[in-house]
Protein chains: 2
Amino acid sequence: MDVDTRLLRYFAAVAQEGTLTRAAAVLYVTQPALTRQVARLEDLLGARLFTRSKAGMSLTPAGEALAARVPALLDAWDGIARETRAAARVLRVGFLASAANEATPGIVAAFTARRPGWRVEMRQSSWADPAAGLSTGDVDVALVRLPFPGQDAWAVDVLLTEPRVLAVSSAGPLAARERVAIGEVLDEPFVAAPGATGAWRDHWLAVEERGGHPVRVGAVTEHPDEWLTAIANGDGIALAPASAARFYARPGVTYVPLDGVGPSRVAVARAGDRDPVVRDFVDCCLAAF
Amino acid sequence: MDVDTRLLRYFAAVAQEGTLTRAAAVLYVTQPALTRQVARLEDLLGARLFTRSKAGMSLTPAGEALAARVPALLDAWDGIARETRAAARVLRVGFLASAANEATPGIVAAFTARRPGWRVEMRQSSWADPAAGLSTGDVDVALVRLPFPGQDAWAVDVLLTEPRVLAVSSAGPLAARERVAIGEVLDEPFVAAPGATGAWRDHWLAVEERGGHPVRVGAVTEHPDEWLTAIANGDGIALAPASAARFYARPGVTYVPLDGVGPSRVAVARAGDRDPVVRDFVDCCLAAF
DNA sequence: CACATCCATGCCGACAGGTTATAGATGACG
DNA sequence: CGTCATCTATAACCTGTCGGCATGGATGTG
């Protein structure tokens, strides 16, 4: 009988949390999706796994039996997948569009020097996935900007801290300014990241610095190119890391120093340090700064 | 990283067989489907698992690593699923429409006497699945008629052997006959089972007894009711087990003894005899005859 | 040079999984 | 005693994936 390991992870989360609602939050899916997947697993196995009540879901004997063995099975699979990738000598590195920077080629060179025979596969992710493919298992390690959704589940080392600046249309009045304070622009429309990215989106809308002041969203973009176009068009302004002035210079877009907001941090994130190859890559990252 | 165990079974089959084409035959899927699923697994893992050549597919080092551990993982999952079902105290029994007979209630009664607290869930399957849900894992044990597709993969005990007779329209000339020889009716249109059922369909079209004589198919049916209607309507004639005269008596349909064909066998099939509960059920079946 | 044997690709229909919105059931609380 | 808050279940919709069939392309073989 075949099953997707995702179903088993869902089941384990529900067994752990005791309610569908909470498990759904942990898994970043909606509660109806969980309801159906759990029911589907019960159908597949031909056994009721939970007794439902207003208070939540509690395990039946069959559920207990399953819950006792599923974590080990999932661990075994994760281990197999890791070993398989290791045997292929490919390290998959995700990076967020705006987290790439001058150091990347040096890091890759240092890594291939330390691990001859290994190939590094770089995968750029859109802003719709600030975890750069880590959470879906698409990559082994990722260069990201903090904070990102689900960050607590990963091992993270900060590589670089840089100020956040303001990106504005060159045609607008702010472009001529020497400096701007965040308090002056709280009513401006902002160009934002997609809605599902939670803390990450908030960070780039300066929600923390607004003290409750509402956000006006002028546009939503996923890629640097759309982002630059939206700003040049005057659809809104946006926070950006200072290095964007070098990487994303474009006629029509001006970067202005900004007061009153904290810095942005670039970090290297991964599942943990059990894998020595990943650890080597992390070391190369740390050595590059 | 999540994966469907079906993908892993596909992979294992290809690794075992060495070519996609042969593995596809073993798995009862088409070769293009396998091509894509293997490619998908490689994508998911981010590693090439096979080197393709005209001669077939041979494992890369990454493929070797995976192949070394996948069978144990699949076994572990199958064991977990079995234990979970056992904890639920539900035995799922599949039965083919025409394999059900007088003995069934007695078998179930004997089983529940031997295993108090257990519930038997009977699932009737259409003729589109002569394995009665075994092959998909929908049931733990099944009452079937031999031969059925993929039969070699299962443990099988014959319960009962009965002659095959001919079902004809009462309005036709054959209905008045005392006996009929198979050689007389090779040119008649037959009412057949769905095309994907292979050996099973052939068995009921008397392909073995035809000596190459081609089959005319007058209708295709999946359920006894359609089958009876098709025969009564004169869409074709059909082979049937002798007991059909009792179970599927209907005005307009006449059963005539038939010479020149072998008997039909009812059997109990299951994955093996490791599961003591399934073994008990099998014992009850054997004791009932 | 036709043929057999592989694997890959394009197209299409069916279905599964996700989302949002909403219903139903049941304690907790003013 | 109504009003919430908190659960799970269901409905409607959209998209991506899987399977099938048909076909193409590459490569040895008689």
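Copies are superposed by least squares on the C-alpha atoms of residues with pLDDT of at least 70 in both. The model I am reading is predicted.

**Entry: the two chains**

I looked up how chain B sits relative to chain A. A rotation of 179° puts chain B on chain A, with 0.1 Å of shift along the axis. The RMSD of that superposition is 0.2 Å. This is the relation of a two-fold axis. Which residue of chain B comes closest to the rotation axis? I found Asp4(B), whose C-alpha is 2.0 Å from the axis.

Then I checked the interface. Of the interface residues of chain B, 97% are also interface residues in chain A, so the copies meet through the same surface.

**Entry: chain A as a whole**

I noted 10 helices and 14 strands in chain A. Its C-alpha trace spans about 70 × 55 × 25 Å along the principal axes. How many residues does chain A have, and what share counts as buried? Chain A has 289 residues, and 47% of them count as buried.

I looked at contacts next. I took those in chain A with a separation of 6 or more, and 72% of them join residues 24 or more positions apart.

The accessible surface of chain A is about 12700 Å². Carbon and sulfur atoms hold 53% of that surface. I also looked up the charges: chain A has 30 positive and 33 negative ones. Their mean positions lie 4 Å apart.

**Entry: residues 3-60 of chain A**

I looked for annotation. UniProt, in an unreviewed entry, lists residues 3-60 of chain A as "domain: HTH lysR-type". The span is 62% helix and 14% strand. Its end C-alpha atoms are 20 Å apart.

Inside that range I stopped at Tyr28(A), which is in the loop between helix H2 (20-27) and helix H3 (31-45). Its phi is near 60°, a positive value in a residue other than glycine. Is Tyr28(A) buried or exposed? Tyr28(A) counts as exposed, because its relative accessibility is 62% and the cut-off for exposed is over 50%.

Arg82(A) is part of helix H4, residues 61-88 of chain A. I classed Arg82(A) as partly exposed, because its relative accessible area is 31%. What does Arg82(A) touch, leaving out residues up to four places away in sequence? I found Arg274(A) and Asp275(A). I also took a distance to Lys54(A): 28 residues from Arg82(A) in sequence, and 40 Å in space, C-alpha to C-alpha.

Arg89(A) comes in the loop between H4 and strand S3 (90-96). Its phi is positive, about 60°, although Arg89(A) is not a glycine. Arg89(A) is partly exposed, with a relative accessible area of 43%.

I kept one general point in mind: most residues other than glycine have a negative phi, and most peptide bonds are trans. Pro147(A) is in the loop between strand S5 (141-146) and strand S6 (155-162).

The bond from Leu146(B) to Pro147(B) is cis, with omega near -10°. Pro147(B) lies in the loop between strand S5 (141-146) and strand S6 (155-162) of chain B.

Key: Residues numbered from 1 in each chain as written. Chains lettered and ligands numbered in written order. Predicted model: local features only at pLDDT ≥ 70, side-chain atom pairs only at ≥ 80, totals over all residues. Heavy atoms only, no water. Helix = DSSP H or I, 4+ residues; strand = E, 2+ residues; numbered from the N terminus. Buried < 20%, exposed > 50% of the residue type's maximum accessible area, 1.4 Å probe, protein only. Contact = heavy atoms within 4.5 Å. UniProt positions renumbered as here; feature names shortened; annotations may be inferred. Areas by Shrake-Rupley, 256 points an atom, 1.4 Å probe, with all protein chains shown as cover. Lys, Arg positive; Asp, Glu negative; His and termini not counted. Charge placed at Lys NZ, Arg CZ, Asp CG, Glu CD.
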